[in-house]
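Please examine the sequence and the model shown here before reading on. The paragraphs that follow begin with the ligand and then turn to the spaces in the protein.

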Amino acid sequence: MRPLSRLATVTLGAGLALSAPTIALAQEEVTLGFIVKKPEQAWFINEQQAATALGEEQGFEVVRLAGEDGQQVLSAIDNLHSQGAQGFVICPPDVRLGPAIMNRAEQYGMKVVTVDDRFVGPDGEPMETVPHLGMSGYKIGQQVGEALAAEMEARGWNPEEVAALRITNYELPTAKERTDGATDALLEAGFPEGNIFDAPQQNSDTASAFSAASPVFAKRGDYEHWVIYALNEESVLGGVRASEQYGLGAEDVIGVGINGSGAAFAEFSREAPTGFHGTVAVSSTMHGRQTAENLHAWVTEGDEPPANTVTSGTLMTRDNWQAVRDELGL
Ligand code: FCA
């Protein structure tokens, strides 16, 4: 039952009309939106599919939408309203859109849950009133740094002669937490701070990372060995592709990403190894399913989800990726 038809008009004989509430909310059809910033990326495809699958099991509808910029997000919310949706899960294209998104959602009486990227309020702080589920960014970043240090050691590299390409995205708090965690773990393992070079990316995808990384390799041609890290594996792949353009081979590069999605599986499936050594995998299936479940319980039973849920990761490499994928239900 859609909100517009919630008040059914009952016609009584000679032109008399009565409006009466028809069906109670619990029996109503539930429609939830799932809006993502990068609908073409495997991570987000999987989240949306997992939410849809849960809806099929539990009898509610999930409308999957793209929100690649502020305008598209607001239109997506309007669209959801016209479909009678009671709420949506969102990974916003820019966390500072939080107040505008909440404003629109509240006009329609919709409930909102964020996934992956948490809204930031006008004061620059996370919007604590919007329930969130996302990675434990700093810890997962540390796992990346530890994996890089371990592989450098396994290859017998002298850290003094190794450069680190740190692809950054400081606009996005979870991204900063992740690269900070990786940096701290590298420093802890004795990596020289002066050998870390920044490549600020404009976005969170492979193309923006490639553009950011290329000039760094061009300028630092004196290093033969590189480690590469970023907020996600798509960006690390951009860095690895850029390193290949500068003639660096798989044996000269150690890239470790984050996510454990189709982008990493495709890389691990290549016949010859590349500089993409591994990725810290997190269950996008769980992120999609859990946020949809939380929102559904909120809409139907009034159970407000926890303010902030953080998830953990497992290192996935060419050697174990299929086993980790199965374990995480990916
Ligand atoms: C951010 C990144 C995604 C994924 C997600 C959990 O949104 O852009 O790649 O890592 O966090």
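How far is an oxygen atom of the ligand from an N or O atom in the side chain of Asp117? The distance is 2.8 Å. This is a polar contact, defined as a pair of N or O atoms within 3.5 Å; within protein, one must be able to donate a hydrogen and the other to accept it, and residues adjacent in sequence count only if both atoms are side-chain atoms. Arg178 also has a side-chain N or O atom 2.8 Å from an oxygen atom of the ligand, and for a polar side-chain atom of Asn232 the distance to a ligand oxygen is 2.9 Å. The protein buries 100% of the 290 Å² that the ligand exposes when taken alone (accessible areas by the Shrake-Rupley method with a 1.4 Å probe; for residues, only the protein chains shown count as cover).

The model is predicted: local features need pLDDT of at least 70, side-chain atom pairs count only at pLDDT 80 or more, and totals for chains, interfaces and linings use all residues. Residues are numbered from 1 along each chain as its sequence is written, and side-chain values use heavy atoms, with hydrogens and water left out.

The residues around the ligand (those with a heavy atom within 4 Å of it) include Lys37, Trp43, Phe44, Cys91 and Asp116. This shell has five nonpolar, three polar and four charged residues. Both domain 1 (31–130 + 284–311) and domain 2 (137–281) contribute at least three residues to the shell; the domain bounds come from an automatic or database assignment.

On a 1 Å grid over the protein atoms alone, a cavity is a set of points where a 1.4 Å probe fits but cannot get out, whereas a pocket is an open set with protein on both sides within 12 Å along at least five of seven lines; lining residues have an atom within 4 Å of a point. The largest cavity holds about 120 Å³ of space. Among its 14 lining residues, Lys37, Phe44, Arg178, Asn232 and Asn259 are the closest to its centre.

The largest pocket holds about 410 Å³. It has 22 lining residues, and Pro93, Asn169, Glu171, Gln202 and Asn203 are the closest to its centre.

Note on methods
Nonpolar A, V, L, I, M, F, W, Y, C, P; charged D, E, K, R; others polar. Points joined across faces, edges and corners; volume = space filled by probe spheres on them.
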